[in-house]
Amino acid sequence: MRVTQGTFSFLPDLTDEQISKQVKYILDNGWAAAVEFTDDPHPRNTYWEMWGHPMFDLRDPAGVLLEVNACRKAYPQHYIRVNAFDATNGIESLKLSFIVNRPDEEPGFNLHRTEGPGRSIIYTTHSYAAQKPAGSRYG
Amino acid sequence: MGKQLDAAERYRAGVLEYKQMGYWEPDYRPKDTDVICVFRITPQDGVDPIEAAAAIAGESSTATWTVVWTDRLTACEKYRAKCYQVDPVPNTGPDAGTDPQYFAYVAYDLDLFEEGSIANMTASIIGNIFGFKPLKALRLEDMRIPVGYMKTFQGPATGIVVERERLDKYGRPVLGATVKPKLGLSGRNYGRVVYEALKGGLDFTKDDENINSQPFMHWRDRYLYCMEAVNRAQAMTGEVKGTYLNVTAATMEDMYERAEFARDLGSVIIMIDLVIGYTAIQSMAKWARRNDMILHLHRAGHSTYTRQKTHGVAFRVIAKWMRMAGVDHIHAGTVVGKLEGDPNTVAGIYDVCRDTFNEKNLPHGIFFDQDWASLKRMMPVASGGIHAGQMHQLVHYLGEDVVLQFGGGTIGHPMGIEAGANANRVALEAMILARNEGRDYLAEGPRILQDAAKHCKPLEAALDTWKDVTFDYASTDTPDFVPLETVTV
């Protein structure tokens with residue numbers, strides 16, 4: 001399966017050139033780019049590990065791509081995403097978030113059902129990969 | 001101006017013109033704390049427009065048809081609404097082949113209104129005047145709500161920013177589809193449509209306005225099958241998914257029961273119809289805030305009073321009231337789809353939904369500056385007759401903070417529902433990628449879609465099937481304004 005979180009997961013994996021253009025869009029808008037990685041792709045896993053702080057003062061897309069590639073080198077079989085933080089009042093949140101690296105094999109999720117009263121069911125989503133300890137989940 | 005009367009003359013029993021009773025004050029300067037309305041009035045033949053406008057102010061505040069001495073027990077000057085400006089509407093009158101129409105500006109003191117109550121505010125402002133005999137027609141075009149009053153309303157339960165954070169979806173419009181056929185599917189069959197559409201790439205599916213609890217599918221059955229579909233689709237994609245469970249019902253008790261069941265099943269969103277009424281909407285908005293629920297509003301019924309230019313309430317006003325009342329989603333027009341929607345009018349409505357401050361913008365039908373006092377921003381929804389082949393136009397006209405709902409455009413896809421959803425998502429992501437890269441995506445749109453279709457068969461099929469479908473009819477609801485000449489230095 002293919003985890004389709006992020007803004008561009010339905011397109012073929014972005015090339016470095018395409019990533020640079022998106023980063024340029026982020027920086028041209030005055031947002032801060034940040035690199036994050038995880039080996040737990042649960043849809044409600046909000047806090048991926050930070051590859052350093054958001055790069056508030058960085059204005060050159062090449063610098064961000066450098067960090068993406070360093071993170072890829074350290075975690076080639078993790079999910080890695082680029083986030084854009086907008087500090088404008090009334091937003092103060094993410095404006096873009098897209099995956100730039102993913103494991104070769106994505107085993108997907110098990111949907112666990114617990115029958116409740118009436119016909120109601122409590123659903124729990126488990127990542128097959130996350131059943132292994134953190135750090136040894138993919139490859 | 002009405003002839004100045006001394007107190008004895010003014011309060012002598014009998015009938016006076018409204019403009020003599022203090023409801024026409026051309027020298028009045030509205031206070032920052034006043035509620036201001038602009039009405040489009042069409043007086044009966046021979047009726048003085050100033051008197052008609054004063055009557056609107058009178059009947060929507062303190063006046064009745066005759067003088068009453070009990071006014072003198074009150075600070076009546078303060079409580080009288082004051083019409084302070086009447087302008088002819090551009091392009092109306094005999095030369096334009098229409099009845100003469102006028103924009104009448106009326107100011108209301110803050111003390112006329114109960115805090116946080118749409119019902120109270122609207123009972124004054126639209127309660128009594130729309131059937132008034134001296135007028136052929138009357139339309140509430142726009143309102144300015146003072147900050148002090150705005151702050152007494154909860155506003156959207158969730159708001160655009162928090163909705164996106166909960167859904168983990170950023171940087172692109174959210175995608176949805178209304179389940180079709182809207183009537184007749186059993187719960188089990190209905191859930192199939194939900195599952196296929198969500199698995200294929202949509203973020204949301206939606207009950208239609210008239211799906212409540214009918215013989216072919218009772219509400220509990222629908223909710224149970226829909227949540228199975230949502231959770232299965234989440235597991236298949238690793239993405240947060242949702243389906244708007246319509247909780248519209250006959251009584252508040254029924255609606256709370258349905259909303260609680262939706263919450264207990266883990267739904268992230270519920271929906272209501274505009275026809276449940278303003279008070280019910282505010283109650284559900286408060287419930288939604290207490291229960292971490294996104295609240296979708298389907299504007300069922302609005303065209304009965306929003307569409308005709310001369311009579312009713314403009315939709316931009318309804319949108320304002322609904323943002324104050326506290327809904328998170330509101331259907332607000334598509335420009336290119338099958339339902340009414342002049343591009344400028346729709347742009348004005350979207351600004352009302354999404355901006356923290358609206359600047360006066362007559363070409364967009366916005367008559368006043370409006371400070372939203374940090375009420376959360378409301379997500380507009382574009383639904384009705386849109387398809388993947390229009391993606392460049394949709395992104396251009398509607399921007400990023402919008403739910404694009406492709407019902408027929410998903411379920412009617414020749415390769416099936418999942419493929420239809422897939423086509424829409426790929427088209428959208430390709431368009432956003434191109435926009436962010438700085439390309440002229442509006443002009444290059446068809447090209448961008450064709451290129452994206454090279455790696456997506458379903459998109460190719462969608463483009464082939466609907467390539468020439470447009471809904472190009474004249475709009476009935478367009479702004480009337482005099483274009484100002486731009487002074488260039």
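Among contacts in chain A between residues at least 6 apart in sequence, 55% join residues at least 24 apart. Contact here means heavy atoms within 4.5 Å. This is a predicted model, in which local features need pLDDT of at least 70 and side-chain atom pairs count only at pLDDT 80 or more, while totals for chains, interfaces and linings use all residues. Residues are numbered from 1 along each chain as its sequence is written, chains are lettered from A and ligands numbered from 1 in the order written, and side-chain values use heavy atoms, with hydrogens and water left out.

Start with chain A. It holds two helices and six strands. Helices (H or I, at least four residues) and strands (E, at least two) are DSSP runs, numbered from the N terminus. Read from that end, the order is α-β-β-α-β-β-β-β. The C-alpha atoms fill a box of roughly 55 × 40 × 25 Å along the principal axes. Of the 139 residues of chain A, 50% count as buried. Buried means under 20% relative accessible area, exposed over 50%, and partly exposed in between (1.4 Å probe, protein chains only). Chain A exposes about 7,000 Å², and carbon and sulfur atoms supply 53% of it. These accessible areas come from the Shrake-Rupley method with a 1.4 Å probe; for residues, only the protein chains shown count as cover.

Next, the interface. The size of an interface is often given as the accessible area lost when the parts come together. Between chain A and chain B, the buried area is about 3,300 Å², with 53% from carbon and sulfur atoms. Buried area is the accessible area (1.4 Å probe) that two parts lose on being put together, summed over both. A:Phe10, A:Arg119 and A:Tyr123 supply 20% of the area that chain A buries against chain B, more than any other three residues. The contact takes 36 residues from chain A and 38 residues from chain B.

Three salt bridges are found between chain A and chain B. A salt bridge is a side-chain nitrogen of Lys or Arg within 4 Å of a carboxyl oxygen of Asp or Glu. A:Arg119 forms a salt bridge with B:Asp221, with the closest N and O atoms 2.9 Å apart. On the side of chain A that touches chain B, α1 (16–28), β4 (93–101), β5 (109–115) and β6 (121–127) each supply at least two residues. β4(A) gives the most, with five residues.

Now look across at B:Asn436. This residue is found in helix α16 (residues 417–436) of chain B. B:Asn436 is buried, at a relative accessible area of 5%. Its side chain makes a polar contact with the side chain of B:Arg435 (3.1 Å). Leaving aside neighbours within four places in sequence, B:Asn436 is in contact with A:Phe8, A:Lys21, A:Gln22, A:Tyr25 and A:Leu96.

The buried residues of α7(B) are covered by elements including β6 (204–206), α8 (219–237), β7 (242–246), α15 (408–411) and α16 of chain B. Of the 14 residues of α7(B), 11 are buried. Among them are B:Tyr190, B:Val194 and B:Leu198. Just after α7(B), B:Gly201 takes a positive phi of about 135°.

A:Arg81 pairs with A:Glu36, the closest N and O atoms being 2.7 Å apart. A:Arg81 lies in strand β3 (residues 79–86) and A:Glu36 in strand β1 (residues 32–38) of chain A, so the pair ties together parts 45 residues apart in sequence. Both A:Arg81 and A:Glu36 are buried.

In chain B, B:Asp480 forms a salt bridge with B:Arg40, the closest N and O atoms being 2.9 Å apart. B:Asp480 lies in the segment after α18 (457–466) and B:Arg40 in strand β1 (residues 35–43), so this pair ties together parts 440 residues apart in sequence. B:Asp480 is buried at 13% relative accessible area, and B:Arg40 is buried at 2%.

How values were computed:
Polar contact = N/O pair within 3.5 Å; in protein donor to acceptor, adjacent residues only side chain to side chain.
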